[in-house]
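I opened this notebook to record what I looked up in the structure shown here.

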Amino acid sequence: MREIERIEFTRMRYVIRSTMPMLFFALLLLPASAARAQVGAYQRDEAVAVRLISGVEGTGARAAIPLGLQIRLAPGWHTYWRSPGEAGFPPRLKWQGSDNLKTATLLYPAPKRYAAYGIETIGYEGDVVLPIGAAVQKPGEALDLHAALDLLVCSNICVPKHFTLALDVPKGPATPSAAAALIDHYRALIPGTAVQSGLSITGLS
């Protein structure tokens with residue numbers, strides 16, 4: 001019985017050894033863009049880490065691609081909403097160098113209010129994703145994104161930050177990515193219009 005087990009173990013070890021080179025070769029054949037799809041690399045310093053993320057694994061035939069700017073702030077730091085309050089400025093993205101990008105609109109989930117030194121500001125702390133409504137020029141083709149991000153972060157002092165971000169969304173099925181639920185969560189937190197909320201202005205004085 002032990003002799004049979006030894007033969008089977010030897011045979012299994014031979015199969016594993018013989019398939020490892022083929023597996024390694026198959027990994028080398030994977031498109032380079034596949035490794036960069038869904039999420040970009042974090043750019044970071046001691047106060048903040050930022051990256052671009054995609055809600056789909058490929059562009060499919062979609063004219064619009066769900067994207068997001070993921071921001072992770074260190075404890076004690078915050079950044080700003082689209083209307084920052086009495087000080088600060090909101091995140092700004094410039095997309096020069098991107099390929100197949102028609103338009104990109106940065107969207108803002110509901111923020112928090114901050115008070116420091118008698119100044120009222122509005123923004124975010126901790127982790128937040130700012131959804132991006134992106135339209136492509138050629139549906140079905142890959143989307144190659146390059147973005148210059150200007151961001152103001154504040155703690156006891158305010159420090160302007162500049163980061164260069166990149167993300168590739170390859171052509172292929174537009175199946176939901178691992179980041180899809182995260183983008184959808186923050187998209188649901190974007191405030192609606194007054195009409196959507198059932199509010200109206202009846203007079204001013």
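**Entry 1: model.** I note at the outset that I am working from a predicted model.

**Entry 2: strand β2.** I looked up the accessibility of strand β2, residues 48–54, and found 7 of its 7 residues buried, so the strand is largely enclosed by the rest of the structure. I then separated its two faces. Val-48, Val-50, Leu-52 and Ser-54 are buried on one side, and Ala-49, Arg-51 and Ile-53 are buried on the other. Both faces of β2 are therefore covered, and the strand as a whole is largely enclosed.

**Entry 3: partners of β2.** I next asked which strands pair with β2. Strand β1, residues 43–44, pairs with β2 in the antiparallel sense over 2 bridges. Arg-44 stands opposite Ala-49 of β2. I recorded β1 and β2 as a hairpin, with 3 residues between them. Strand β3, residues 64–73, also pairs with β2 in the antiparallel sense, here over 7 bridges. In β3, Leu-73 is the bridge partner of Val-48.

Entry 4: Glu-46 lies in the loop between β1 and β2, and Lys-161 lies in strand β11 (residues 158–169), so the pair ties together parts that are 115 residues apart in sequence. I checked the accessibility of both ends. Glu-46 is exposed, at a relative accessible area of 63%, whereas Lys-161 has 11%, which means that it counts as buried. I also found Asp-45, Glu-46 and Lys-161 linked in a network of salt bridges.

**Entry 5: Asp-127 and Arg-72.** I recorded a salt bridge between these side chains at 3.1 Å, N to O. Asp-127 is in strand β9 (residues 127–136) and Arg-72 is in strand β3, so parts 55 residues apart in sequence are tied together. Asp-127 is partly exposed at 40% relative accessibility, and Arg-72 is partly exposed at 39%.

**Entry 6: Lys-112 and Glu-125.** I noted Lys-112 as partly exposed, with a relative accessible area of 46%, and Glu-125 as partly exposed, with 39%.

Technical notes
Residues are numbered from 1 along each chain as its sequence is written. This is a predicted model: local features need pLDDT of at least 70, side-chain atom pairs count only at pLDDT 80 or more; totals for chains, interfaces and linings use all residues. Side-chain values use heavy atoms; hydrogens and water are left out. Buried means under 20% relative accessible area, exposed over 50%, partly exposed in between (1.4 Å probe, protein chains only). Helices (H or I, at least four residues) and strands (E, at least two) are DSSP runs, numbered from the N terminus. Two strands pair if DSSP finds at least two bridges between them. A salt bridge is a side-chain nitrogen of Lys or Arg within 4 Å of a carboxyl oxygen of Asp or Glu.
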